[in-house]
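Welcome! Please open your viewer and get ready to select a few residues and elements along the way.

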Amino acid sequence: MNLLSMDFDIHTRYADMLRFNSFRRARRVRRELGNGFVFAVHGAKPCKDFDIARAADRARWTKEHGTTILDFGAGHLTETFLLRQQGIDCTPFEPYRLGPGGINKAESIELARAFLAEVAEGKDWTSIFIASVLNSVPFREDREHIACLCSALCRPNTKVYACASSAGESGWRQVNGKAFMNESNAGNIAFRLDYEPGIRIGDFQDKPKVQKYHTEAEFRDLFGPFFRVVKVDDFSNNINAACASALPVDKDKLRAAIEFEFNLPYPDGTRMDLVKSAMDSFSKRLQTSTLEISEPMIEAARGQFASHPHGKRVTIQRADLRHEFPVVTSSVVLSVLTLQFTPIEYRQRIIRRVFDSLAPGGAFVLVEKVLGAS
């Protein structure tokens, strides 16, 4: 208490402490999917009434969310394990994995490395969940980094589902004198901070932690710059967002997000130190590949991209499309005045390979000359 009461310069002196104290507490272990994972199919009904192991519930859930899931900010990995038990592929990312003595940095780093390996492989996640995460992230710019990263991980049909405590939740109403303390929370003294609306700080007895209580407008402002479609609801004391059609990623914002998320601080004074690995993984995932058979054309293209500001994100491969096609998953494939130079008997096979390489919802743009009337 004395540490914080002497100086409230939260954004500088205590910023890293509030970041690594954001880990999910072990006060309650759930046996069901949390609201952030079920609101899109279960609405405001209690989470305990939804059972992913029940055939009808599982069918509704997978129809909405698919079967390849990213749990961004997985906490105790409760949802990860529950989904995996039902044969649903779920990748967890949790930078502050809790162990018996506090944050288990080694396990946190291991989870991050496994996540980045799947990023680099180009894994197609059908749904990305940011469940009960954003309310524990202490600063607006940090939350923007998370939204940016998740949008960059989206394929054309990927949806992002976010859930965080609303301004109607009792924890926020208590520090505003609009709700009474009860036996379960009387031991946790908390008060408001004014560096941002909807912020309270508590857990002074152990590890001070910030909670951010959101409004619908704040969620729209947070996700709107990254998605064409953002649907926001407020129920069950939570703000819920379903986001679709990720917008093109701004490279400077993505770089800043990677430098933040993959160099988070730890209580022992060290940092995650995975920025280079993350840069490599995202670059591999988001790169553009070009195919050419002519050596002079390859050299000309390399010279052109060498001076281009995004040139490092372009790989130029020698390939004979009659006999080979790269093993990749693509969002968009362009064929501009190319097939006309390929013997007719190979064209159907090439188009088939293009189709097989596309991510769900991907596009094939074909440009060819046509025979005119004259």
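## A sheet to begin with

Select glycine 202 and then lysine 209: this lysine, in strand 9, is the bridge partner of glycine 202. Keep in mind during the tour that the model is predicted.

Now widen the selection to strand 8 (residues 199-202) and strand 9, which pair in the antiparallel sense over 4 bridges.

## Into the core

Next, select Phe115, Phe223, Phe262 and Phe282. In the largest nonpolar core, which has 58 residues, these four touch the most other members. Helix 7 gives this core its largest share, with 6 residues. As background, nonpolar side chains tend to be buried together in soluble globular proteins.

Stay with phenylalanine 262 and show what surrounds it. Leaving aside neighbours within four places in sequence, its contacts include Phe93, Phe115, Leu116, Leu149 and Met272. Asp273, Leu274, Val275, Ala278 and Phe282 are also among the contacts of phenylalanine 262. Then pick out Leu33, Leu83, Cys90 and Ala131, which are included in a second, separate core of 18 residues.

## Two packed helices

Select helix 6 (residues 105-121) and helix 11 (residues 275-286). They pack with their axes 7 Å apart, at an angle of about 25°. Angles under 35 degrees count as roughly parallel, and helix 6 and helix 11 are therefore roughly parallel to each other.

Show the side chains where they meet. Helix 6 brings Leu116, Glu118, Val119 and Ala120 to the contact, while helix 11 brings Ser277, Ala278, Ser281, Phe282, Lys284 and Arg285. By type, the residues of this contact are 5 nonpolar, 2 polar and 3 charged.

## Two serines to finish

Go to serine 132, in the loop between strand 5 (127-131) and helix 7 (140-152). Its phi is near 55°, a positive value in a residue other than glycine. Is serine 132 buried or partly exposed? With a relative accessible area of 37%, it is partly exposed.

Your last stop is serine 245, in strand 11 (residues 238-246). Serine 245 is not a glycine, yet has a positive phi of about 55°. At 27% relative accessibility, serine 245 counts as partly exposed.

Technical notes. Residues are numbered from 1 along each chain as its sequence is written. This is a predicted model: local features need pLDDT of at least 70, side-chain atom pairs count only at pLDDT 80 or more; totals for chains, interfaces and linings use all residues. Side-chain values use heavy atoms; hydrogens and water are left out. Buried means under 20% relative accessible area, exposed over 50%, partly exposed in between (1.4 Å probe, protein chains only). Two strands pair if DSSP finds at least two bridges between them. A nonpolar core is a set of buried Ala, Val, Leu, Ile, Met, Phe, Trp, Tyr and Cys residues joined through side-chain atoms within 4.5 Å. Contact means heavy atoms within 4.5 Å. Axes are lines fitted to C-alpha atoms, for helices over the stretch in contact, and angles run from 0 to 180 degrees between N-to-C directions. Angles under 35 degrees count as roughly parallel, over 145 as roughly antiparallel, 65 to 115 as roughly perpendicular and the rest as oblique. Ala, Val, Leu, Ile, Met, Phe, Trp, Tyr, Cys and Pro count as nonpolar, Asp, Glu, Lys and Arg as charged, and the others, Gly among them, as polar.
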